[in-house]
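Here is a briefing to read beside the structure. Please keep the sequence and the 3D view open while you go through the points.

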There are 2 protein chains.
Amino acid sequence: MATTTRKRSSKKEEILKTAARMFREKGYAGTSMRDLAEKIGIEAASLYNHIHSKSEILEEIIFSIARDCREQLDNMDPAGTSLQKIESLIRFHTKMMIDHFESYSVMVSEWMHLDEEKLGEFVSERRRYVKKIESIVQQGIDNKEFKPVLPYVVVLNILSSVRGLEFWQKSAKTHSAEIMEENMVQHLIGGLKL
Amino acid sequence: MATTTRKRSSKKEEILKTAARMFREKGYAGTSMRDLAEKIGIEAASLYNHIHSKSEILEEIIFSIARDCREQLDNMDPAGTSLQKIESLIRFHTKMMIDHFESYSVMVSEWMHLDEEKLGEFVSERRRYVKKIESIVQQGIDNKEFKPVLPYVVVLNILSSVRGLEFWQKSAKTHSAEIMEENMVQHLIGGLKL
DNA sequence: CCTACCGATCGGTAGG
DNA sequence: CCTACCGATCGGTAGG
């Protein structure tokens, strides 16, 4: 019984991981259940012993990584300067993108294929998330820590720049993850400092 | 005869424009020729009197906007400081994203669905494009106009941030295009200045 | 986990 | 520009 459960969940994990890799490469709509099954080495019909539907796979990938991001922001040290907070956010997202490359990419590029209910949930979660970071930037401006740039643009640029690391990953890694992170901070925080 | 040609090409334009809108919303793989035909008000089979294949539509959308970007960079005033050049590039891309919203979005998000030959062409064109901008950043660093941030990261961040404007467009436009452009420059150039 | 199969839909063609 | 249609493939189910 315990063995069965363990087996099942590890198989499900394998499906999710393989699906994330394929969704990132060919997109959600461009990946068929037969492609996915073949990569895993089973028949397409057998996938349904572990998952309920194709859309469930997408949901699990996206909401799992979204939860990690949300929790990190909620548990952020409320002490510290706005600059420290934004810097730690840039470092966190850069690490997430690099360490959870496949699922992070799927989240930022394939969320629009969630079905209606889950799509609404994701969009409103993301809006809340962006608003929270915007308010940190706004505090920094009010504090005179930052120059007066629209917080909305700053947050958009930071999150978009992290997304752009997908392209770095795909090519030969001429720079280490640490150097990339350091330069992300330098460029994106630099444009904020007075 | 002239009338026929005019009619044909305007119909093709309508197909390309409608396709760009749909590819951006649902992705290339998620858009069917029947969806596209219905939006235009004809039968799917009739599309093929104006275009040869679905992939040809994607190619025309992507390479048309890619050409605009390439030409702008090639025709850039070689005088001026590195700072002026990078600033003008940020302004140009921001304007392109806003003015040619649909096709620019399709280029940056759907290029991986080009078929093998065109994909190779696009990737090597883009690599050349990025390298050229990197060398402008490098000159600025050598000049002591810019602080020493990895040019590769700077270019990635600029182009990714412009891409992120897709998300701005979709929501209510609380800020004008001019204000967005100004803030893009402030934040992204700001992180570069000494 | 498989075989066998479902109805729906895909990109595209023939022929008018 | 349409009707009629092609073979291939889609997500998913039944039954073992």
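This is a predicted model: local features need pLDDT of at least 70, side-chain atom pairs count only at pLDDT 80 or more; totals for chains, interfaces and linings use all residues.

Chain A and chain B bury about 3100 Å² between them. DNA strand C has 14 residues around it, and DNA strand D has 15.

**Contact between chain A and chain B**

- Chain A brings 38 residues to the contact, and chain B brings 38 residues as well.
- Carbon and sulfur atoms give 61% of the area buried between chain A and chain B.
- Three residues, A:Tyr152, A:Phe167 and A:His187, supply 21% of the area that chain A buries against chain B, more than any other three residues.
- Between chain A and chain B the count of salt bridges is 0, while the count of residue pairs in polar contact is 11, with both residues at pLDDT 80 or more.
- On the side of chain A that touches chain B, the elements giving two or more residues are helix 1 (2–26), helix 8 (151–170) and helix 9 (177–190) of chain A.
- Helix 8 of chain A gives the most to that side, with 14 residues.
- By class, the residues on the side of chain A that touches chain B are 18 nonpolar, 14 polar and 6 charged.

**Around DNA strand C**

- The residues that come nearest to DNA strand C are A:Lys11, A:Glu43, A:Ser46, A:Asn49 and B:Arg34.
- Helix 3 (44–47) of chain A and helix 2 (33–40) of chain B each supply at least two residues of the surface near DNA strand C.
- Sugar or phosphate accounts for 50% of the atoms of DNA strand C within 4 Å of the protein, and the rest belong to bases.
- B:Arg34 has a polar side-chain atom 2.7 Å from a base nitrogen of DNA strand C.
- The surface near DNA strand C is made up of 5 nonpolar, 5 polar and 4 charged residues.

**Around DNA strand D**

- The residues that come nearest to DNA strand D are A:Met33, A:Arg34, B:Lys11, B:Ser46 and B:Asn49.
- Of the atoms of DNA strand D within 4 Å of the protein, 50% are sugar or phosphate atoms and the rest are base atoms.
- A:Thr31 places a backbone N or O atom 3.4 Å from a phosphate oxygen of DNA strand D.
- The side chain of A:Tyr48 has an N or O atom 3.0 Å from a phosphate oxygen of DNA strand D, and a polar side-chain atom of B:Lys11 is 3.3 Å from a phosphate oxygen of DNA strand D.
- Helix 2 (33–40) of chain A and helix 3 (44–47) of chain B are the elements that give two or more residues to the surface near DNA strand D.
- This surface has 5 nonpolar, 6 polar and 4 charged residues.

**Aromatic rings**

- Over all chains, the whole structure holds 6 aromatic pairs.
- The ring centres of A:Trp111 and A:Phe122 are 5.8 Å apart and the ring planes are at 25 degrees, so this pair is stacked.
- A:Trp111 is in the loop between helix 6 (101–110) and helix 7 (116–142) of chain A, and A:Phe122 is in helix 7 of chain A, 11 residues apart.

Note on methods. Residues are numbered from 1 along each chain as its sequence is written. Chains are lettered from A and ligands numbered from 1 in the order in which they are written. Side-chain values use heavy atoms; hydrogens and water are left out. Contact means heavy atoms within 4.5 Å. Buried area is the accessible area (1.4 Å probe) that two parts lose on being put together, summed over both. A salt bridge is a side-chain nitrogen of Lys or Arg within 4 Å of a carboxyl oxygen of Asp or Glu. A polar contact is a pair of N or O atoms within 3.5 Å; within protein, one must be able to donate a hydrogen and the other to accept it, and residues adjacent in sequence count only if both atoms are side-chain atoms. Helices (H or I, at least four residues) and strands (E, at least two) are DSSP runs, numbered from the N terminus. Ala, Val, Leu, Ile, Met, Phe, Trp, Tyr, Cys and Pro count as nonpolar, Asp, Glu, Lys and Arg as charged, and the others, Gly among them, as polar. A residue is near a molecule or strand if one of its heavy atoms lies within 4 Å of it. Rings of Phe, Tyr and Trp (its six-membered ring) pair if their centres lie within 6.5 Å; planes under 30 degrees apart count as stacked, over 60 as edge-to-face and the rest as tilted.
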